[in-house]
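Morning, everyone. Let me put the structure up, and then I'll walk you through it.

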Amino acid sequence: MLGESARTRADAERYFKAYDSAIRSIGTAVAGRPMIDAPNISVKLSALHPRYEVAQANQVMRDLVPALLTLCQTAKEVGIGLMVDAEESERLEISLDILTEISGHPSLKGWNGLGLAVQAYQKRALPALQFLDAMAATHGRKLLVRLVKGAYWDSEVKRAQERGLPGYAVFTRKAGTDVSYIACAKFMLDSKNFYPAFATHNAMTLAAILELAGNRTDFEFQRLHGMGEALYQGVVGPKALNRPCRVYAPVGSHEDLLAYLVRRLLENGANTSFVNQVAKAGAPIESLTQDPVAYMSALSEKAHPRIPLPANLYGPERLNSNGIDLSDPLQTDPLMDDLAREWQKATFARPLVGGNDVTGKEVQVLDPADHNRSPGAVVEATPQDAREAITLALAAQHDWSNLGAEARAACLLKAADAMESQRTRLLALLIREAGKTLPDAIAEVREAIDFCRYYALLARREFLPEPLPGPTGEINQLSLHGRGVFVCISPWNFPLAIFMGQVAAALVAGNSVIAKPAPQTPLIAYEAVKLLHAAGVPGDVLHLLPGGPAVGEALVTDPRIGGVAFTGSTDTARRINRHLAAKDAAIVPLIAETGGQNALIADSSSLPEQVVQDVIISAFQSAGQRCSACRILFVQSDVADKVLKMLAGAASDLILGDPGKLVTDIGPVIDGAARDRLKAHSQLIGQIGTRHFQADLGNGTENGTFYPPEIVEIDGLGRLDREVFGPILHVIRWDASNLDKVVDAINETGYGLTLGIHSRIDETVQRVISRARVGNIYVNRSMIGAVVGVQPSGARGCRAPGQKPVGRAT
């Protein structure tokens, strides 16, 4: 069945030995290391993190193991099997840990119905089977293993790209998956500890398994209901090859099965799918029976050339920033060790004027998660420091501008590389000074790096002299230059990313810069400026002035400055604008990003599970301290009760605590003033709304400024007169006939930063988009975390002082 090269059993053995060799070479070429070593999964949860907690792992084991055990005990009683499906690669290890606990339970001894699905497109498929083989042998059972090729390839690739991981968890060529499948099938058929089940609609794969199995008969094929009938006519039944084939038929209501159906349509409708290829009229038989080993062996490039590694996602002009896979203990264990060492170091921040530290009285910076800890000390600048810095910056700006965009861009690229090499140092400060959880801190360092590389790329493109058309004898040329001294005032909620974004953009455009960080987060700003100086930005060009309002006022009222970039509250932005307008000097630009009253609209066609996941991320990640965070969920009345129940359940699983621990989902709010504002709002809104959920603070939060996530239902937007900057989600029900009124109510708030839409009806999505007056609209995803140079980030409108909030929007 395999062709001339494998007609005999001996030839078949040699043929499939080639698969074993090929799968390892593919793993080496694509992952950069032998597949068998990438990464080690033959460990139990108890040994996985002896010092550090795995996020949610304890709760998973506590809740899922007893529930699954009960199901397995029931299955044993009635004499049927139970298959545990495996989906995302990041959950592989915890899935194996759960299965290990179940497999070894005394009550299931003698029952061989326990099973697990293994996805061949994962590079760890063969090591996973080796783990399962050893586990089954240890527990004295025969394990049912379902081998599939995998249905979430797109998500795996996108997730790795978004996170900037070193490589992909899956093979990037279909032929690589085919080779992996056969290698895994051979291992399964060689093991005495498995009852193999091969799920396939591919004739070549089916034939290969039959040849490889030889005389072994204790295995089965599997197919989906409605698919593969013709393929299996020659396999099933006594008049054929008499091999069993299990038919998978989904059972449930339409709302539960729609997502399943769509996934199967996408999977089997893919251009590379065997089902798709065989349906094409006139498709040559050679293309359907091509040997994947020979195909992969003949390729000089094992990875797919049109699927770049995550680092090369943006093409040759700009590198993507590197991320960390927090599901991989081989990465997290050394990271946590390094962070612990960083937290032992003394840190300080001083004004940097002309490249020199300005000494003075040191003030301790408090860790918002624990006021008994201090990440370091700061010396605050004075108005005199501000005047001196402006003088030096003004004198140095002309030469900096004349240096040229290429040289300035090179400084940013060096700074980006330095941030990558000093990542652990920056992460440690973000966690202890700003209260960032580890995932948020990683994302922020990456965003700062991306800002430097993106603005360097823009400068190289936009600052090239541009020749203009004109009459004979004339040479006309357009060139861009810096405006002068830019004051960059950054916020505490993104003390590295927004700080670096403002400073990098102003510098690469040819301006000298005076950076004033938020009073709560001077340490990270000091480290960032030192890195920029080391990358080649002169000390007279870039100055740092940590301090409070007095320093900021001294800067923005000075007539010599050429522009201001500000991110913070709307009230502060208006004060800056009034100072600039009052000066009898050149009119200078103010680039201000202020508050938002961001809503997400979910209709009855939306998938509740996806809505809940995206709302939890959008409302509560970073303790709700993001400009783009979801403050209001408009949920259609038809599904409101279900969504609210699911939201409360999902929010109850969030872990509030020390952001330096992997287990933590939500850290503290920035300071006591922020917490007090949230408390006051909660007390007020609780009197007029219905509180559906409020978390407990729990142990370990006593010495920090924590505020628990809260979900409260209100009767209209009129109940909110300003942005509530923290983890409080307001929910408003709306009727199907009032969609336009909902959008109008959002528009009338005067805030126009972000809007989320969850709907599976294209007409509804387009209707909202065409009517909404906001800068950023996110459809069927979370509404935070815009990636530099990928997703645009802007805003429309600004709420007028004294503007009255709108009324009910139901």
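I'll take the sheet, then the nonpolar cores, then a single arginine. Bear in mind that this is a predicted model.

Sheet first. It is open, with 6 strands in the order β1-β2-β3-β4-β5-β6, and the pairing is parallel. Which strands stand at the edges? β1, residues 82-84, and β6, residues 245-248. Each has a single partner strand, so one side of each has no neighbour in the sheet. On average, neighbouring strands are turned by 30° against each other, ignoring direction.

Look at the β6 end. Strand β5, residues 220-224, is joined to β6 by 4 bridges. Leu-224 sits opposite Tyr-248 there. Now the helix packing on this sheet: α3, residues 57-78. Helix α3 touches β1 and β2, and its direction makes about 150° with that of β1.

On to the cores. The largest nonpolar core has 62 residues. Among the members that touch the most others are Met-419, Leu-438, Leu-496 and Leu-532. Which helix gives the most to this core? Helix α17, residues 438-462, with 9 residues. A second, separate core has 61 residues, including Ala-369 and Tyr-707.

Back to Leu-532. Beyond its sequence neighbours within four places, its contacts include Leu-412, Met-500, Val-503 and Leu-542.

Last, Arg-163, in helix α6, residues 153-163. Pro-310 lies 147 residues away along the chain, yet the two C-alpha atoms are separated by 8.1 Å.

Key. Residues numbered from 1 in each chain as written. Predicted model: local features only at pLDDT ≥ 70, side-chain atom pairs only at ≥ 80, totals over all residues. Heavy atoms only, no water. Helix = DSSP H or I, 4+ residues; strand = E, 2+ residues; numbered from the N terminus. Core = buried A, V, L, I, M, F, W, Y, C linked by side-chain atoms within 4.5 Å. Buried < 20%, exposed > 50% of the residue type's maximum accessible area, 1.4 Å probe, protein only. Contact = heavy atoms within 4.5 Å. Pairing = 2+ DSSP bridges. Axes fitted to C-alpha atoms, helices over the stretch in contact; angles between N-to-C directions.
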